[in-house]
Structure formats: C-alpha cells, structure tokens
Amino acid sequence: MTIQIKEQTIKTLERMKEKSITLRFLAEPVNVNFGGKVHGGSVMKWIDQAGYACAANWCGGYAVTVYVGGIRFFKPMLIGDLVELRATLIHTGNSSMHISVDVFSKSPQADDWVRNTHCIIIFVSIDKDGKPTAVPVFAPETDEEKEMEQYAIRLMELRKGIEDEMEEYCK
Ligand SMILES: CC(C)(COP(=O)(O)OP(=O)(O)OC[C@H]1O[C@@H](n2cnc3c(N)ncnc32)[C@H](O)[C@@H]1OP(=O)(O)O)[C@@H](O)C(=O)NCCC(=O)NCCS
C-alpha cells in the first residue's frame, strides 16, 4: 500500500513539458509603424514572448533571452491581420533552450497564411540567484525534430565566426 502511494506521488510530480506553443491574436492599431503597417519592434516583442512561454514551460522556471538570430522580415503585416507565432523547442544545451519561432499572418477573412518571418531565439534557464541552471534534455523523436535539432547545431557553428568578430567590437 505504501509503495503504491509513493509511485502515485512520483507520477504527479512529473510535469508535462510542451515542446511547442502557438500564440494567435489580432494586430492592433497600437502596433502601427510610421508607414501604416505593423511595427517590426512589435513583431520582435511577440517573438520574445512566444519564445519565453515555450522556454519557461520546458524548464519549469524563469528564463532570460541570451540570443536572437537572423530575423528577416519577408513580408509586411497589416493592422487588423490575424497573427500566429509558432514557437518550438529544437535543441537544449546544459542551461540553454534553442527555440525556432515562425511568424505568420493573414486577413481574418482569408484562408491562407503568409510567412512573415522566422528566427531562432535562445533562452537560458536562471535559478533564484540569477545563475544559469540545467534544463531537462530535449531528445528529438520524429524525423522533423531530428532535422530541426541538426539545423540548430549547424547555426551554432556558423555563428561562431560572427560572435568572434562582434566580440572584437564589444571589447
Ligand atoms: C544569460 C546569462 C545569464 C548567461 O550568463 P553567462 O555568464 O554568459 O553564462 P554562461 O557563459 O555560463 O552561458 C550560459 C549559457 O548561455 C549560452 N550562451 C552564452 N552566450 C551565448 C550566445 N551569444 N549565443 C547563444 N548562447 C549563448 C551558453 O552557451 C550557455 O549555454 P549552455 O549552458 O546550454 O551551454 C547572462 O549573459 C545574462 O544575464 N544576460 C542578460 C539576459 C537578459 O537580460 N536578457 C533580456 C533581454 S535584453
């Protein structure tokens, strides 16, 4: 009897971690830029929020953005458009969580989504003293997850040269 209770307790303590999260909302007039379309800064904020929600759920604690890479705005987004952000965990290090964020939009009356941007955003799990702390390991299961993890690893390699160059500047 005692053993059964212990097993149940352990099961309850195991959190259901989600690998991805989707945000959907309307682009509001407050998000306008000087050209009448959606402000790039608003899109960057949404990317950070979607990435944070995904990272915080995975690590079960607080996390901070350490890196955002390669944001390229492919198409403008209009005020009144329905916006969708899909944030997916694709790789973990010791304390870092690499998250792929895709941003889509469409008129609420339309059927087809337009891809507006894509980027990789990296969060670091932080303990109560503000120090990086270990995160649960992401183990890709599907072919798509394995491909995306390799993509994250290739990007990390490619960034090394850029970071060395920028470190010189930031000295
Ligand atoms: C994130 C932060 C805690 C990392 O501290 P740090 O002393 O550099 O820690 P470490 O060198 O031990 O690195 C911790 C992790 O960050 C990763 N990291 C550090 N610099 C990175 C970079 N330029 N790109 C990607 N990942 C990076 C490391 O690879 C490491 O990951 P791992 O544990 O999975 O291997 C610290 O840089 C910080 O507080 N930054 C400010 C965060 C912030 O305020 N964000 C809000 C947006 S402005």
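Predicted model: local features only at pLDDT ≥ 70, side-chain atom pairs only at ≥ 80, totals over all residues.
Start by selecting β3 and β4, which form a hairpin with three residues between them.

**The hairpin and its neighbour**

Color residues 82–92, which are strand β3, and residues 96–106, which are strand β4. The two strands are antiparallel and share 10 bridges.

Is strand β3 mostly covered or mostly open? Of its 11 residues, eight are buried, so by the cut-off of 20 or more other C-beta atoms within 10 Å the strand is mostly covered. When you show the side chains here, keep one rule in mind: in a regular strand they alternate between the two faces of the sheet.

**The nonpolar core**

Next, select M97 and I99. These residues have the most contacts inside the largest nonpolar core, a set of 30 residues. The elements that supply two or more residues to this core are α2 (40–59), β3, β4 and β5. Helix α2 contributes the most, with eight residues.

Stay on I99 and display what it touches. Leaving out residues up to four places away in sequence, the list includes G51, C54 and A55. It also includes A87, T88, L89 and I90, as well as I120, I121 and F123.

**Around the ligand**

Move to the ligand and show the residues around it: V64, T65, V66, Y67, G93, N94, S95, S96, I122, V124, P132 and E163. Two elements give two or more residues to this shell, β2 (62–69) and β5 (114–126). Which of the elements gives the largest share? That is β2, with four residues. Color the shell by class and you will find six nonpolar, five polar and one charged residues.

**Zooming out**

Finally, show the whole protein chain as a cartoon. The chain has three helices and five strands, and from the N terminus on they follow the order α-β-α-β-β-β-β-α. Along the principal axes, the C-alpha atoms fill a box of roughly 65 × 45 × 35 Å. Color by burial, and buried residues account for 25% of the 171 residues. Among contacts with a separation of 6 or more, 72% are between residues 24 or more positions apart.

Key
Residues numbered from 1 in each chain as written. Near = placed C-beta within 6 Å. Nonpolar A, V, L, I, M, F, W, Y, C, P; charged D, E, K, R; others polar. Buried ≥ 20, exposed ≤ 12 C-beta atoms within 10 Å, placed from the backbone. Pairing = 2+ DSSP bridges. Core = buried A, V, L, I, M, F, W, Y, C linked by C-beta atoms within 7 Å. Contact = placed C-beta atoms within 7 Å.
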